[in-house]
Structures are given as C-alpha cells and as structure tokens.
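Subject: Structure handover

Hello,

Here is the structure I promised to pass on to you.

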Amino acid sequence: MTPHLPWAAGLAMSLVLAAVPANAQEDDLSAAFLYVGPRADNGWTSRHEAGRQCLEEDGIKTTYVESAPEGPDVARIEQDFIDSGYDVIFATAFGYQPFTQQVAQANPHKHFFGILPTIAPGDNIRNFYGKLWDGRYLTGLVAGKMTKSNKIGFVAAQPIPSVIAGINAFTLGVKAVNPDAVVNVVWTLSWFDPPAEKQAAVALVQAGNDVIAQHQDTGSAAQGAAEEGAYAIGSEADMSEVAGDHVLTGTVWNWCDFYKSAIASVKNGTFEPGDQWGGLADGMVDLAPMSEDVPQDLVDLVKKQKQEIIDGKLDYWKGPLKDNEGNVAVEDGKTVSLDEIQGMRWFVEGVNGTLPSK
C-alpha cells in the first residue's frame with residue numbers, strides 16, 4: 001500500500017472471529033488482520049490477504065476485518081480481536097496508527113504491526129513498509145520506452161510523501177530513457193474509489209496519454225487504460241489479472257516472508273518496536289511479469305538496473321535534480337535521504353501536476 005489516509009466507508013464491514021483457548025501456549029500464537037479495503041480489491045488489500053493465507057498455510061490461526069475505515073472504530077475492532085484471544089494484530093493502513101497506539105498501550109503484552117511512516121510509536125508496536133519508489137523507478141524505464149506520444153498519465157490516490165516519492169521516482173525512470181516525455185498527474189484523493197480511478201485513467205488517455213501508471217488500491221485505472229487501448233503500469237498487485245495484456249508490468253507487494261518473520265519474532269522473543277523497511281533486496285517490493293510487448297533489450301535494462309539499485313550502484317536520487325518549477329531541489333553530488341523521502345512535498349522536473357492542499 002500503500003500508506004492510507006481516511007476515506008469514507010461505503011462498504012459493509014465483515015468480522016470473522018474465532019475464540020482461542022485461554023490457556024493457549026506461545027506456539028499457538030494467533031494473528032488478526034485489519035484491512036482498509038475489501039479482500040478482493042485486486043490490489044493493496046488482496047496482497048495482504050495473500051500474506052494472511054500464507055500464515056494459515058503455516059498453521060497460524062488468523063482472522064480479519066475487511067473494509068474498516070481509518071477512524072475511531074479501529075480501536076474497538078482491535079480490542080475485540082484481543083478479547084477473542086488473538087495475540088498479534090496487523091493493522092494494514094497508515095491511518096490506523098493513532099487508534100492502534102491506544103489499544104497497544106492498554107494491552108502491553110500483545111504485539112502490533114502497522115504501516116510506516118510512524119506517527120504513533122509504542123513499546124509493542126513495529127511499523128513496516130517497503131521502498132516502493134525503487135520499483136516505481138524501474139517501471140518508469142518501461143513507460144518511458146514504450147510511450148509513442150511522450151505523454152504518460154499517472155492516477156494518484158492521496159498526496160502523501162510515499163505517493164509523491166513514487167511519482168518522482170517513476171518520472172526519473174521515464175526521463176532516464178526518454179528526456180522528451182512528461183508525466184501528467186491526476187488525483188482521486190481516495191485509496192478505494194474504482195469508478196473515480198477508472199474515470200481518471202480514461203480522461204488521461206483521451207487527453208493523449210498512451211501509458212497510464214497509478215498508485216491506487218485497485219486495478220480500475222489499469223482497466224480504464226486498457227479499455228481505451230492504452231498501455232498500463234500496475235501497482236500493488238499484478239494488474240494483468242484484471243486488465244489483460246495491456247499491462248506492461250507494475251510494482252507488486254509480497255508480504256508472506258515479512259508476516260512469517262513477524263510471527264517468529266513474537267514467538268522467539270526477538271520482537272523489537274520501531275520501523276522496518278523492506279524493498280527490492282528482500283522481495284517485499286517487486287515487479288509484476290513483463291508483457292510480451294516489452295522488447296527484450298528493455299527487459300534486460302530493467303533487470304540490470306534493479307540489481308544495481310539492490311547493490312547500491314545506482315542512486316537515481318543523486319543530484320543535481322530540479323523540481324517541476326525549475327528550482328534546484330537536490331544539489332550536485334547530494335542525494336535524497338530516507339527521512340527526506342518520508343517528508344517529500346515537491347515534484348521533480350518532468351511532472352505536470354500540482355500537490356493538493358489536502
């Protein structure tokens with residue numbers, strides 16, 4: 001995900017709880033998941049659901065609530081999990097943090113995992129996310145090479161730093177292979193609004209953008225692009241499953257290994273509060289399969305630069321970089337730190353768009 005901010009809930013919440021015996025041993029740890037969208041969103045939540053199922057396959061008892069808005073009711077749901085005997089809670093949306101913190105403070109012997117960046121720390125809370133922007137840079141290489149119009153659309157959810165950094169990294173990838181291309185950004189101001197996502201993609205194609213990228217929780221933008229005959233760059237999950245062969249590739253989340261390690265840390269006593277960043281190296285962030293339309297030399301370039309990022313040989317944030325108003329944003333020889341990425345509020349040169357005040 002994507003970190004999340006509040007959105008109006010229009011979906012029914014489903015709660016599946018099963019009691020765990022009061023005398024459950026440490027080996028019988030159980031985990032509860034709180035999802036901001038439906039499990040079948042073909043995106044952010046579906047990937048967390050795949051991670052939960054991974055735990056189930058390992059014999060870990062789990063449960064979930066889906067389509068839970070980022071608001072005060074989060075605390076009630078999480079306390080219900082605990083009262084039903086669950087030991088570990090995975091709160092898979094950024095906006096859950098303040099409410100998770102309340103529950104964590106009231107239940108110091110339980111363990112909580114949330115979404116970075118951390119705004120509500122706790123002694124029994126560990127927050128996690130991946131350096132998604134590295135994947136975005138690689139997909140930008142594909143978009144920059146595959147566009148014919150030199151106009152690339154980007155359907156963006158919320159104007160938070162992780163989304164902004166992703167758009168910037170994507171654009172830097174585009175410009176690395178095609179200096180003439182521009183990235184046109186449209187905001188939906190929602191993580192889950194399939195009609196708005198699709199409408200934004202269609203409007204971008206009709207305005208001449210022939211490749212549509214996205215940072216949204218569903219595949220609706222990719223579907224809209226495909227239906228208009230444009231290429232799509234997916235996000236969160238493999239969007240070819242919902243938009244077919246028009247999807248060139250995209251970023252994907254893999255949570256299985258992280259969830260296994262999280263449960264193991266609680267079981268073996270190595271749990272530590274704080275932050276955990278994954279990425280390309282550990283596979284938390286990866287790329288969806290390449291379309292057959294992507295030429296082999298481009299596939300090879302992406303593979304090469306992916307390894308260079310992992311090895312620390314490629315730093316696409318290295319200056320000089322200008323913002324999209326012509327100001328020097330990163331001086332020659334400097335780079336952008338992780339802390340600066342987490343506070344990013346500017347667009348790189350090549351992005352046609354503005355940041356909403358929200």
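A helix's expected span is taken as 1.5 Å times one less than its number of residues; helices (H or I, at least four residues) and strands (E, at least two) are DSSP runs, numbered from the N terminus. This is a predicted model, where local features need pLDDT of at least 70 and side-chain atom pairs count only at pLDDT 80 or more, while totals for chains, interfaces and linings use all residues. Residues are numbered from 1 along each chain as its sequence is written, and side-chain values use heavy atoms, with hydrogens and water left out.

Helix H1 first. Its 14 residues, 44-57, should span 20 Å at 1.5 Å a residue, and this agrees with the end C-alpha atoms, which are 20 Å apart. Buried here means under 20% relative accessible area, with exposed over 50% and partly exposed in between (1.4 Å probe, protein chains only). The buried residues of H1 include Trp 44, His 48, Glu 49, Arg 52 and Leu 55. After H1 comes Gly 59, with a positive phi near 90°.

Now the spaces. On a 1 Å grid over the protein atoms alone, a cavity is a set of points where a 1.4 Å probe fits but cannot get out; a pocket is an open set with protein on both sides within 12 Å along at least five of seven lines, and lining residues have an atom within 4 Å of a point. Points are joined across faces, edges and corners, and a volume is the space filled by probe spheres set on them.

The whole structure holds one cavity of 30 Å³ or more. The largest cavity has about 40 Å³ of space, and its lining includes Tyr 96, Phe 113 and Asn 127. Helix H3 (97-106), strand E5 (111-115) and strand E6 (125-130) each give two or more residues to that lining. By class (Ala, Val, Leu, Ile, Met, Phe, Trp, Tyr, Cys and Pro nonpolar; Asp, Glu, Lys and Arg charged; the others, Gly among them, polar), the cavity lining has seven nonpolar, five polar and no charged residues.

The largest pocket contains about 350 Å³ of space. Among its 20 lining residues, Lys 131, Trp 133, Asp 134, Ile 309 and Tyr 316 are the closest to its centre. The lining comprises twelve nonpolar, five polar and three charged residues.

The second largest pocket has about 160 Å³. Tyr 137, Tyr 316 and Glu 349 are among the residues lining it, and H5 gives the largest share, three residues. Its lining divides into seven nonpolar, no polar and three charged.

Best wishes
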